[in-house]
Amino acid sequence: RDDDDINDVASMAGVNLNEESARIMATNSDLVGTQIQSCKDEPFLAAIPLHKRILDTAKKLGITDVPAEVVTFISHATQNRLRTVIEKVTVITQHRMESYKDDEWYEQATDVRAQLKFFEQLERLEKQRKDEQEREILLKAAKSRSRQEDPEQARLKQKAKEMQQQELAQMRQRDANLTALAAIGPRKKRKLDTPGLLSIGGEGLGVSGGSQAGLGTASPRQYPRQKITRVNLRDFIFYMEQEREMSHSLLLYRALLK
């Protein structure tokens, strides 16, 4: 008996197991005796059209009866296959959208965007230089006082007049725009006010019912922005090229032709 008392840790700690059991039963009395059942098995695809499609295919093979369990199994297999495809294509899309600009283990070797901007600037300067040369030629032709003019000289004079009229119209339009902007005045930014809440120096005044007002700290709730992964046809083509059963399929060739 002494050995039993020594080995009884609950008694040595002053814990009465009968009282603890009664207390647990009283606390969780609503859970005692309840029966837990599994949820209903909902098929992923519509059962009636799927069953008809399976029967049409089975009749060609000499099968006349297809039980409902087969339809449910094929529906679950389709759901699992679709989930696997979406997961793999999502990973491919995330890898495609990954940026290595801020990664410390990568350094930029070439900047195609800066090169394109440089070429665009060169083309702009070249065009501006050609326009200036053409403008000087037209101005010289317009200032010439020769009595005997050839048709080319007359054409240049007419073109110079048209250019001067166009420049004058552009200057008038620019002046009119500046005058309109000056008359309108500086544009004021709209204040984003929370409806029913007036913010004063970091504190908010909440008005309810028109007569009651309460002071409180304005703490707008910010919802996390959900990141959207956009999958395109190129991602699906890359996925089908990597899959063994789809790398030579007709579906892949049709996707490549689009």
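The model is predicted: local features need pLDDT of at least 70, side-chain atom pairs count only at pLDDT 80 or more, and totals for chains, interfaces and linings use all residues. Numbering runs from 1 along each chain as its sequence is written, and side-chain values use heavy atoms, with hydrogens and water left out.

The chain exposes about 24,300 Å² (Shrake-Rupley method, 1.4 Å probe; for residues, only the protein chains shown count as cover). Carbon and sulfur atoms supply 54% of that area.

Nine helices and three strands make up the secondary structure (DSSP runs numbered from the N terminus; helices are H or I of at least four residues, strands E of at least two). Their order along the sequence is α-α-α-α-α-α-α-β-β-β-α-α.

Helix α5 (residues 68-97) packs on α8 at about 115°, with the axes 9 Å apart (axes are lines fitted to C-alpha atoms, for helices over the stretch in contact; angles run from 0 to 180 degrees between N-to-C directions). α5 is therefore roughly perpendicular to α8 (65 to 115 degrees; under 35 is roughly parallel, over 145 roughly antiparallel, the rest oblique). The crossing is right-handed (near helix turned clockwise from the far one by less than a right angle; anticlockwise is left-handed). From α5, Arg 81, Val 85, Lys 88, Val 89, Ile 92, Thr 93 and Arg 96 meet Arg 234, Asp 235, Phe 236, Phe 238 and Tyr 239 of α8. This contact has six nonpolar, one polar and five charged residues (nonpolar: Ala, Val, Leu, Ile, Met, Phe, Trp, Tyr, Cys and Pro; charged: Asp, Glu, Lys and Arg; polar: the others, Gly among them).

Asp 235 lies in helix α8 (residues 233-242). Asp 235 counts as buried because its relative accessibility is 2%. Beyond its neighbours within four places in sequence, Asp 235 contacts Val 89, Ile 92, Thr 93, Arg 96 and Arg 230.

The axes of α6 (residues 112-143) and α7 (residues 151-184) come within 8 Å and cross at roughly 115°. α6 is therefore roughly perpendicular to α7. This crossing is left-handed. By class, the contact of α6 with α7 has seven nonpolar, two polar and five charged residues. Leu 138 and Leu 139 are among the α6 residues involved, and the α7 side includes Leu 156, Ala 160 and Met 163.

Definitions and conventions. Buried means under 20% relative accessible area, exposed over 50%, partly exposed in between (1.4 Å probe, protein chains only). Contact means heavy atoms within 4.5 Å.
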